[in-house]
Amino acid sequence: MTDSIPTPEELEKIPYPDEAFNTWGAASVGIDPLAASFTSLPYQPVRPHVPFYRFVAFPDILDLRKAGYEMERFVPLFDRLEDVRYREALQLSEMLHYPSPALIWNPKRARHLELEVRAQLHEHGLGDIPPLLRRFLAKAFPGDTISYLSVDLITVFFWASLAELADDLAWRNPNLEAKAEYLRFPLRTIWN
């Protein structure tokens with residue numbers, strides 16, 4: 001009896017009945033989820049980094065799909081959240097809590113615009129998407145990793161995801177384009 005590690009081709013032959021099992025979590029990067037769960041050493045080849053958005057509940061994915069969006073629409077934004085450095089998180093947090101009078105951006109105004117954009121989304125039948133997006137973003141900071149910086153990052157990236165939705169509706173209401181740019185401003189300061 002040999003204890004050989006199965007090849008990816010052998011793993012593909014195993015019939016898994018569920019789309020969620022095949023496309024989310026460790027299986028999404030070609031690792032057998034059962035093998036990934038049994039390793040006790042972190043950061044081993046059997047346990048590579050899997051982005052947080054691969055761990056959202058599949059019913060939430062279906063709700064997003066029912067509203068006309070796929071998760072892939074937000075993946076570039078979510079990947080940016082994964083790549084935020086500590087220095088950038090501090091810069092964003094400072095923008096939220098200690099707004100500079102020299103900046104044309106104000107967090108209080110951004111909160112007002114958030115409500116206006118959410119009202120427009122609700123008016124066009126997309127009112128269920130913002131709570132889903134906030135829930136997805138919260139998966140980036142599980143358990144004890146939540147801090148004031150992570151809350152601020154969730155807020156800023158939530159505004160950016162609302163800006164993505166506002167861009168899609170800008171053809172119906174031209175004011176949404178300017179609101180989207182305002183909500184996206186904090187991220188533009190760290191990535192330009």
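The crossing of α9 and α10 is left-handed. In this predicted model, the two helices pack with their axes 8 Å apart and at an angle of about 155°. Because angles over 145 degrees count as such, α9 is roughly antiparallel to α10. On the α9 side, the residues that meet α10 are Val156, Phe157, Trp159, Ala160, Leu162, Ala163, Glu164, Ala166, Asp167 and Leu169. Their partners in α10 are Leu176, Ala180, Leu183, Arg184, Pro186 and Leu187. Sorted by class, the contact of α9 with α10 holds 13 nonpolar residues, three charged residues and no polar ones.

This pair belongs to a protein with 10 helices and zero strands. Along the sequence, the pattern is accordingly α-α-α-α-α-α-α-α-α-α. Of the 192 residues in the protein, 40% are buried. Among the contacts with a separation of 6 or more, 68% are between residues 24 or more positions apart.

A further helix, α7, packs against both members of the pair. The axes of α7 and α9 come within 10 Å and cross at roughly 45°. That angle makes α7 oblique to α9, and α7 passes α9 in a left-handed crossing. From α7, the contact draws on Pro107, Ala110, Arg111, Glu114, Val117, Arg118, Gln120 and Leu121. From α9, it draws on Phe158, Trp159, Leu162, Leu165, Ala166 and Leu169. The contact of α7 with α9 comprises 10 nonpolar, one polar and three charged residues.

Toward α10, the axis of α7 again comes within 10 Å, here with a crossing of roughly 135°. This arrangement makes α7 oblique to α10. The crossing in which α7 passes α10 is left-handed. The α7 residues that make the contact are Arg109, Ala110, Leu113, Glu114, Glu116, Val117 and Gln120, while those of α10 are Leu176, Lys179, Tyr182 and Leu183. By class, the contact of α7 with α10 divides into six nonpolar, one polar and four charged residues.

Phe78 itself touches Phe52, Tyr53, Met71, Leu133, Phe136 and Leu137, when residues up to four places away in sequence are not counted.

The loop between α8 and α9 contains Lys139. Because its relative accessible area is 40%, Lys139 is partly exposed. Leaving aside neighbours within four places in sequence, Lys139 is in contact with Phe52, Phe55 and Val56. Phe52 is also one of the residues that Phe78 touches. Lys139 and Arg54 are 85 residues apart in sequence, and their C-alpha atoms are 9.4 Å apart in space.

Notes. Residues are numbered from 1 along each chain as its sequence is written. This is a predicted model: local features need pLDDT of at least 70, side-chain atom pairs count only at pLDDT 80 or more; totals for chains, interfaces and linings use all residues. Side-chain values use heavy atoms; hydrogens and water are left out. Contact means heavy atoms within 4.5 Å. Axes are lines fitted to C-alpha atoms, for helices over the stretch in contact, and angles run from 0 to 180 degrees between N-to-C directions. Helices (H or I, at least four residues) and strands (E, at least two) are DSSP runs, numbered from the N terminus. Angles under 35 degrees count as roughly parallel, over 145 as roughly antiparallel, 65 to 115 as roughly perpendicular and the rest as oblique. A crossing is left-handed if the near helix is turned anticlockwise from the far one by less than a right angle, and right-handed if clockwise. Ala, Val, Leu, Ile, Met, Phe, Trp, Tyr, Cys and Pro count as nonpolar, Asp, Glu, Lys and Arg as charged, and the others, Gly among them, as polar. Buried means under 20% relative accessible area, exposed over 50%, partly exposed in between (1.4 Å probe, protein chains only).
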